Amino acid sequence: MTSRTATFVVWGVLAALLIATEVLAVTTRRIPTVGALLRSLVRHPAMRVVFLAAWLWLGWHFFVRSSR
């Protein structure tokens, strides 16, 4: 298995887990949806800064560096 294939498999598993969590949250209402969880985290100004820094880091590593 090449590293590219492994990367696609990992992203596929993460996407499947996210979808399963959303379906479970909507159908059972035992856990919050991902949107509700993010909304509650972003209410705090410090978390906004953390999310912005994470977004910038991800953008740099996935888009800027891969364009070389």
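Visitor: What order do the elements of the protein run in, from the N terminus on?
Guide: They run α-α-α. Keep in mind that this is a predicted model. In total the protein has three helices and zero strands.

Visitor: What makes the protein more spread out than a compact globule?
Guide: Compare two values. The globule rule gives 11 Å for 68 residues, while the radius of gyration of the protein is 16 Å, well over that, so the protein is more spread out than a compact globule.

Visitor: Why is L18 called partly exposed?
Guide: Partly exposed is the range between buried, under 20%, and exposed, over 50%. L18 has 45% relative accessibility, so it counts as partly exposed. You will find L18 in helix 1, which covers residues 3-28.

Visitor: How do you know that helix 2 and helix 3 pack together, and which residues make the contact?
Guide: The axes of helix 2 (residues 34-42) and helix 3 (residues 45-64) are 7 Å apart, at an angle of about 115°. Helix 2 brings L38, L41 and V42 to the contact, and helix 3 brings M47, R48 and F51.

Visitor: What kinds of residues are in the contact of helix 2 with helix 3?
Guide: Five are nonpolar, one is charged and none is polar. Arg counts as charged, and R48 of helix 3 is among the contact residues.

Note on methods: Residues numbered from 1 in each chain as written. Predicted model: local features only at pLDDT ≥ 70, side-chain atom pairs only at ≥ 80, totals over all residues. Heavy atoms only, no water. Helix = DSSP H or I, 4+ residues; strand = E, 2+ residues; numbered from the N terminus. Rg over C-alpha atoms; globule rule 2.2 N^0.38 Å. Buried < 20%, exposed > 50% of the residue type's maximum accessible area, 1.4 Å probe, protein only. Axes fitted to C-alpha atoms, helices over the stretch in contact; angles between N-to-C directions. Contact = heavy atoms within 4.5 Å.
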